[in-house]
Every structure is written in structure tokens, then in C-alpha cells.
Amino acid sequence: MNYIERNKDRGFGQPVLKGGRLFVYNIISHTSWRERTIESFLEEFDVSIDQLKSAVSYCMNTACKNIQLPSDKYCDGCILSSIHEGWTLVKSNLQGTGGIFGARADGAAYLKSVDELEALECGRSGWMLAREVDKRLAAQ
């Protein structure tokens with residue numbers, strides 16, 4: 001059963017659990033954390049295992065690309081949202097060595113890796129996080 005919907009009145013057109021406001025990306029990102037058990041997430045957020053599996057499948061198959069209405073949106077936090085909005089990846093704007101990078105445009109310095117900066121700037125790949133959750137589910 002599919003537990004995912006897009007509804008402009010709940011979730012602003014982003015994929016959410018049917019009848020609720022919990023975004024697919026939030027489900028995926030929270031359950032991908034190794035520090036948190038899947039069971040604790042399910043209990044804390046009142047989500048069933050079937051709802052979780054539906055969100056994982058939705059995200060792994062990048063079903064969000066199936067935009068049918070003008071109100072349909074990608075999940076905030078996922079890199080697909082940033083790409084759809086025309087953002088450029090931060091790697092093209094950085095130069096540096098030894099873990100210290102400077103932005104070419106404004107000269108700011110960052111003490112993070114390029115990958116960490118890219119995730120902060122543009123979001124993370126939701127489908128990659130979903131694969132991690134899928135592996136965790138299979139190991140249970």
C-alpha cells in the first residue's frame with residue numbers, strides 16, 4: 001500500500017505521509033542516523049513500519065520526479081530540490097587545501113570538507129539516504 005501523497009495544504013506540495021504532515025525526507029533522514037534505532041523513530045513519530053517502507057521505496061525510486069501539478073514540490077533538504085530550483089553546487093565555487101576552503105565569490109573561509117559544505121548548501125541525496133535505511137531494515 002502507498003502511504004505517500006503530495007498535498008499543497010499539507011506539506012506545501014512536498015511528499016508527506018497520507019493524512020499527515022511528516023515529510024518523506026524527514027522520515028528518511030531521521031532513520032538513516034546510526035545513533036537512532038528505527039524502532040525509536042517509529043515510536044517517537046508514531047509511524048508504522050509499512051509507512052516507513054513506503055517512504056523508503058518512494059525515495060529510492062525518486063518518485064518525487066513525477067511532478068503532475070504546479071503545486072508539487074521536491075522535499076526540502078534533498079539535493080533534487082536544489083537542482084530543480086537552479087542552485088549550483090558549491091564545489092564549483094571553492095578553492096582550498098588542507099581542509100580549509102575559501103569561496104571564490106566572497107572570500108569566506110570554511111573549516112569543513114567540500115562534501116560537508118555541499119550537503120549544507122544544496123542538500124543531501126535523499127535516495128542515497130533511503131538506500132541506507134533500506135539496508136538497516138533488511139538487517140533487522
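These questions and answers walk through a predicted model of one protein chain.

User: What pattern do the helices and strands follow along the sequence?
Analyst: The predicted chain has six helices and five strands. Read along the sequence, they give the pattern β-β-α-α-α-α-β-β-β-α-α.

User: What share of the contacts with a separation of 6 or more comes from residues 24 or more positions apart?
Analyst: The chain has 140 residues, and 41% of them count as buried. Among contacts with a separation of 6 or more, residues 24 or more positions apart account for 53%.

User: Is H1 mostly covered or mostly uncovered, and how many of its residues are buried?
Analyst: The buried residues of H1 are Val-24, Tyr-25, Ile-27, Ile-28, Ser-29, His-30, Thr-31 and Ser-32. The helix has nine residues, and it is mostly covered. The buried count in H1 is eight.

User: Which elements do the buried residues of H1 pack against?
Analyst: Both strands and helices take part. On the strand side the partners are E1 and E2. On the helix side they are H2, H3 and H6.

User: What is the volume of the largest cavity?
Analyst: The count comes to one cavity of 30 Å³ or more. Its lining includes Val-24, Tyr-58, Cys-59 and Cys-75. The volume is about 80 Å³.

User: Which elements give two or more residues to the lining of the largest cavity?
Analyst: The lining residues include Val-24, Tyr-25, Tyr-58, Cys-59, Gly-126 and Trp-127. The elements that give two or more are H1 (24-32), H3 (49-60) and H6 (126-139).

User: How many charged residues are in the lining of the largest cavity?
Analyst: By class, ten lining residues are nonpolar. Two are polar. The number of charged residues is none.

User: Is Ser-32 buried or exposed?
Analyst: Ser-32 sits in helix H1. Beyond four places in sequence, it touches Leu-129, Val-133 and Arg-136. Its relative accessibility is 12%, below the 20% cut-off, so Ser-32 is buried.

User: How far does the backbone oxygen of Ser-29 lie from a polar atom of the Ser-32 side chain?
Analyst: The side chain of Ser-32 supplies the polar atom, and the backbone of Ser-29 supplies the oxygen. The distance is 2.8 Å.

User: Is Gln-14 buried or exposed?
Analyst: Gln-14 lies in strand E2 (residues 10-17). Leaving out residues up to four places away, it touches Glu-5, Arg-6, Asn-7, Phe-23, Lys-73, Tyr-74, Cys-75 and Asp-76. Its relative accessible area is 6%, under the 20% limit, so Gln-14 is buried.

User: Which side chain makes a polar contact of 3.4 Å with the side chain of Asn-2?
Analyst: Asn-2 lies in the segment before strand E1 (4-7). Its side chain reaches the backbone nitrogen of Ile-4 at 2.9 Å. Beyond four places in sequence, Asn-2 is in contact with Lys-18 and Ser-54. The 3.4 Å polar contact is with Ser-54.

User: What separates the C-alpha atoms of Asn-2 and Leu-17?
Analyst: Asn-2 is partly exposed, with a relative accessible area of 41%. Leu-17 is 15 residues from it along the chain. The C-alpha separation is 9.2 Å.

User: Is Asp-46 buried or exposed?
Analyst: Asp-46 lies in the loop between H2 and H3. Its phi is positive, about 55°, although it is not a glycine. The relative accessible area is 68%, over the 50% cut-off, so Asp-46 is exposed.

Methods
Residues are numbered from 1 along each chain as its sequence is written. This is a predicted model: local features need pLDDT of at least 70, side-chain atom pairs count only at pLDDT 80 or more; totals for chains, interfaces and linings use all residues. Side-chain values use heavy atoms; hydrogens and water are left out. On a 1 Å grid over the protein atoms alone, a cavity is a set of points where a 1.4 Å probe fits but cannot get out, and a pocket is an open set with protein on both sides within 12 Å along at least five of seven lines; lining residues have an atom within 4 Å of a point. Grid points are joined across faces, edges and corners, and a volume is the space filled by probe spheres set on the points. Helices (H or I, at least four residues) and strands (E, at least two) are DSSP runs, numbered from the N terminus. Ala, Val, Leu, Ile, Met, Phe, Trp, Tyr, Cys and Pro count as nonpolar, Asp, Glu, Lys and Arg as charged, and the others, Gly among them, as polar. Buried means under 20% relative accessible area, exposed over 50%, partly exposed in between (1.4 Å probe, protein chains only). A polar contact is a pair of N or O atoms within 3.5 Å; within protein, one must be able to donate a hydrogen and the other to accept it, and residues adjacent in sequence count only if both atoms are side-chain atoms. Contact means heavy atoms within 4.5 Å.
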